[in-house]
Amino acid sequence: MTNSSITGWGKCLPPTVLTNHDLEALVDTNDDWITSRTGIKERRISHVGTSELATLAGKRALAAAGISAADVDLVNVATCTPDTLIPSAASLVQNNLGASNAGAVDQNAACSGFLYSLIMACGMVEAGVIETALVIGAERLTYFIDFTDRGTAVLFGDGAGAVVVQATDEPGGLKGSEMGSDGSVADILWSPGSGTATNRVELESDHKRMAVSMNGPEVFKRAVKAMGDASTRVVDQAGWALDEVDILIPHQANTRIIDATARRLQLDSSKVFVNIASYGNTSAATIPIALTEALEAGRIEPGAKIVFAAFGGGLSWAAAAYEFGSRVEPLGETDEELPPTEGDVMSLLAENFAYFGGGPNQ
Ligand code: COA
């Protein structure tokens, strides 16, 4: 059977940084609490839309794969924060890239979205339905963050990551996968005012309903169980012994959740990739950004046995056991950058403060 191989990878992080110290001026929090409870030191705030972040990550992934946009059969963007509901972010990315032979679709499984998209793209490639997919996780989640709510304000950031998945006769690819959901607890992590169930007249007088609202400890408990259980099951499906796993690339939501997942897999911390300190939780973008940085840091050897694991709103979760291909170096790169931005992080967030309330030293 044809295998699926990740042949290109790339990321796009907007340049504006919101540090823990910046947050001290917005909510009753401090660097010590955020660092010790989450592992996060700073996160990025985007001055461009989700599709622009996704496009640049996608261009970098195509360059790394050494293929052109015309070679892509499917652009799949995992996002819960598209620029618009119609059209999809993927359609905008398809046009920006000039991927004239590609279909385009968004998928929303919140923070698990990229893994859902990756698993589906690998399945389509292996079944011979398509040959080449560009799979992107991209989010501008800070648009939906109420910076007067310290329970969510400290956690999230913006960014995008992308991979190219291609058909290959090489060994490797997706060896085990799981996608799960428990909609019975949907309201422990949600944005109640963000869809068609919303009474728009009431929303006018209660903007807070548009914000991400979360029961942190409940999400924490379920995340630890879902990620741990799913990770061990995909390793089992793959027929790997736990000590054969080379690296865990987990969703970056909280270092304590990552540590618990690593313990379930009996992995030493040297086999876990963590970059949450720099970007916080970028939702569907965390795993492709982390994979890209793991490759850039030389942490992935040819044929590496990787476990990916994620959870998020829904609740949703996913895990994959993935054997990397023989090439771990990019074939090319692009020197394109995001358009420049002016002003500091607080001026970038001014529209958010005007909508949800708050702001520096309110
Ligand atoms: N700064 C300072 N103190 C804070 C705070 C903040 N940003 N947020 C909460 N606190 C306080 C609480 O009010 C509480 O105070 P109290 O003991 O006086 O009542 C105390 O810290 C502990 O709060 P709690 O919510 O129990 O903390 P926690 O250890 O569960 O950590 C999270 C909170 C949000 C970091 C943690 O629950 C978490 O990471 N949950 C998962 C969230 C997640 O991953 N979401 C994304 C899913 S993709």
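Me: Which loop does A110 lie in?
Reply: This is a predicted model with residues numbered from 1 along each chain as its sequence is written. Local features need pLDDT of at least 70, side-chain atom pairs count only at pLDDT 80 or more, totals for chains, interfaces and linings use all residues, and side-chain values use heavy atoms, leaving out hydrogens and water. Helices (H or I, at least four residues) and strands (E, at least two) are DSSP runs, numbered from the N terminus. A110 is in the loop between β5 (103-107) and α5 (113-126).

Me: Is A110 buried or exposed?
Reply: Phi of A110 is near 50°, a positive value in a residue other than glycine. Buried means under 20% relative accessible area, exposed over 50%, and partly exposed in between (1.4 Å probe, protein chains only). At a relative accessible area of 13%, A110 is buried.

Me: What is the relative accessible area of S283?
Reply: S283 also isn't glycine, and its phi is positive, near 55°. You'll find S283 in the loop between α10 (276-279) and α11 (286-296). S283 is buried, with a relative accessible area of 1%.

Me: What is omega for the cis peptide bond from G314 to L315?
Reply: L315 lies in the loop between β12 (305-312) and β13 (316-323). The bond from G314 into L315 is cis, with omega near -15°.

Me: Where is P87?
Reply: A cis peptide bond joins I86 and P87, with omega at about 0°. P87 is in the loop between β4 (74-78) and α4 (89-97).

Me: How much of the ligand's accessible area does the protein cover?
Reply: T29 puts a polar side-chain atom 2.7 Å from a ligand nitrogen, and R150 puts one 2.8 Å from a ligand oxygen. These are polar contacts (N or O pairs within 3.5 Å; within protein, one atom must be able to donate a hydrogen and the other to accept it, and residues adjacent in sequence count only if both atoms are side-chain atoms). A side-chain N or O atom of R256 is 3.2 Å from a ligand oxygen. Accessible areas come from the Shrake-Rupley method with a 1.4 Å probe, where for residues only the protein chains shown count as cover, and of the 950 Å² that the ligand has on its own, the protein covers 71%.

Me: Which element gives the most to the shell around the ligand?
Reply: There are 23 residues around the ligand, where near means having a heavy atom within 4 Å. The top contributor gives four residues, and that is α8.

Me: How many residues apart in sequence are D28 and R150?
Reply: The side chains of D28 and R150 meet in a salt bridge at 3.7 Å, N to O. D28 is in the loop between α1 (20-24) and α2 and R150 is in helix α6 (residues 150-153), so the pair ties together parts whose separation in sequence is 122 residues. A salt bridge here is a side-chain nitrogen of Lys or Arg within 4 Å of a carboxyl oxygen of Asp or Glu. D28 itself is exposed, at 62% relative accessible area, and the separation to quote for the pair is 122 residues.

Me: How far apart are the closest N and O atoms of D229 and R264?
Reply: D229 is buried, with a relative accessible area of 14%. R264 counts as partly exposed at 36%. The two form a salt bridge, with their closest N and O atoms apart by 2.8 Å.
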